[in-house]
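Load the model in your viewer and keep the selection panel at hand.

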Amino acid sequence: MKKGNRNVFTLGLDGLDITINTDVKLEQNHYAFKNQAGKELGNLAAVKNGYKLHLCLPKMIRNNNSIPFGVSDYKQLKNVLEFIKNNVLNLFKGESTEITVQACEVNSTVVLSRKEQTAPMLKLLSHVLLIKDEKLFIACSGEQIGKRYKAVKNLCSGQRIESIKTGQLSNLRFCFKIYDKAIEQNITDKGLLRIEFCYSVRGLKYAKVGRTLETFLTPDSINALLICYRKDYKTYFIDRYWNNKDSKTMIRDAYSQPIYKEMIAIIYNDLREHNGQPLTVAIMNKELVEVDFKLFKKACERYYSNKDSARKACYRVKQSKEIQINTGVIDEFVAFSKSIIYG
């Protein structure tokens, strides 16, 4: 467990997909993998040329997967390996099987400074990831903010993002899943953000980890995968955020500037277009302003001739109650990202 400026985060493994190649045919196509106490740890399903076993590694040593299987859990690797091998051996009645790792989920779980930061943080990450010709799958719930929307019953003023997913990226190495872990675990007293990459066979080969179960469940192999995660996090989050690099070509051009500067530029241009009407512009750019009010403040400081005018413009928007005011989101994202990348 690592502590950043204000955030505590954990980095480690979660779900593990294992292929069992065998000619043995079991009586059922689906089996629940359970420990001696009867708690389900995963499931086994019949596939072509054998079976696929999905296991939740953290649940093998803890009650849930709120904390991923990390470096501090390496002392449990031998027990985990023996448990899996013994259960597979018993299930297939000692018949010969070939067990290989096909996919693995790696995540960082961040404790945010306030639980209210989770929704705008997910909104910020959606802007970082959503670029031309790439698809995101976003799960959200509607919300009504502002007195204008008190006049209607069902129409929502915006969306509260709860999870972001991608399909397999163009590199075919992994896909993303970013979500509000507190909602999943029914935790109400803190904000938990989980940023998860699911590595495919190609991704595991790229990371140079062990492919058999025995060679994968070793400190060296898992460390190699965690290093790969940190590098990929930098490429797909920080490099995009700071430089707007294209993830496929990594080209830097005239548009290579921080995404937050693009956000400020959009708001500033609208202030110019609409003669500095702060509330009108804030409502027009609600999607950006609600990420972090700092964006609107910076645009006002750039547009108005003196700081007092900029301050009054910001005050007017805050007092309108038409915009959800979130602060410190961008600074917090930068802070915990540095902790994730550099450990």
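Predicted model: local features only at pLDDT ≥ 70, side-chain atom pairs only at ≥ 80, totals over all residues.

Residues are numbered from 1 along each chain as its sequence is written, and side-chain values use heavy atoms, with hydrogens and water left out.

Switch to the C-alpha trace. Along its principal axes it spans about 80 × 45 × 35 Å. Now show the cartoon: the protein has 12 helices and 10 strands. Helices (H or I, at least four residues) and strands (E, at least two) are DSSP runs, numbered from the N terminus. Colour by burial next. Of the 343 residues, 48% count as buried. Buried means under 20% relative accessible area, exposed over 50% and partly exposed in between (1.4 Å probe, protein chains only). Among contacts between residues at least 6 apart in sequence, 66% join residues at least 24 apart.

**Stop 1: helix α2**

Select residues 118–129. How many residues of α2 are buried? The count is 11 of the 12, so α2 is largely enclosed by the rest of the structure. Among the buried residues are Met121, Leu122, Lys123 and Leu125. The expected span is 1.5 Å times one less than the number of residues.

**Stop 2: strand β9 and its partners**

Select residues 174–180. Six of the seven residues of β9 are buried, leaving the strand mostly covered. β8 and β9 run antiparallel and are joined by three bridges. Two strands pair if DSSP finds at least two bridges between them. Pick Ser163: its bridge partner in β9 is Tyr179. Phe176 has Phe197 in β10 as its bridge partner.

Stay on Tyr179 and show side chains. Lys177 lies over the face of Tyr179, 4.7 Å from the ring centre. A charge sits over a ring if NZ of Lys or CZ of Arg is within 6 Å of the ring centre and within 35 degrees of the ring normal.

**Stop 3: the rings**

A search of the whole structure finds 21 aromatic pairs. Rings of Phe, Tyr and Trp (its six-membered ring) pair if their centres lie within 6.5 Å; planes under 30 degrees apart count as stacked, over 60 as edge-to-face and the rest as tilted. Select Phe293 and Phe296. They form a tilted pair, 5.5 Å centre to centre with 40° between the planes. Why are they about one helical turn apart? Because they are three residues apart in helix α10 (residues 293–303). Phe293 is buried at 4% relative accessibility, and Phe296 is buried at 0%.

Move to Tyr303 and Tyr304. This pair is edge-to-face: 4.9 Å centre to centre, 85° between the planes. Tyr303 is partly exposed at 27%, whereas Tyr304 is buried at 17%.

Phe174, Phe176, Phe197, Tyr199, Tyr229, Tyr233, Tyr236 and Phe237 form one aromatic cluster.

**Stop 4: helix α7**

Select residues 259–273. The 15 residues of α7 reach 21 Å from first C-alpha to last, close to the 21 Å expected. Its buried residues include Ile259, Met263, Ile264 and Tyr268. What covers the buried residues of α7? The cover includes α2, α6 (219–243), α8 (278–284), α9 (286–289) and α10. Zoom in on Tyr268: the charged end of Arg302 sits over its ring, 4.0 Å from the centre. After α7 comes Asn275, with a positive phi near 55°.

**Stop 5**

Select Asn49, in the loop between β4 (40–47) and β5 (50–56). Its phi is positive, near 65°. Asn49 is exposed at 55% relative accessible area. Finish at Asn186, in the loop between α3 (181–185) and β10 (192–199). Asn186 is not a glycine, yet its phi is about 60°. Buried or exposed, what is Asn186? Exposed, with a relative accessible area of 68%.

Conventions: Contact = heavy atoms within 4.5 Å.
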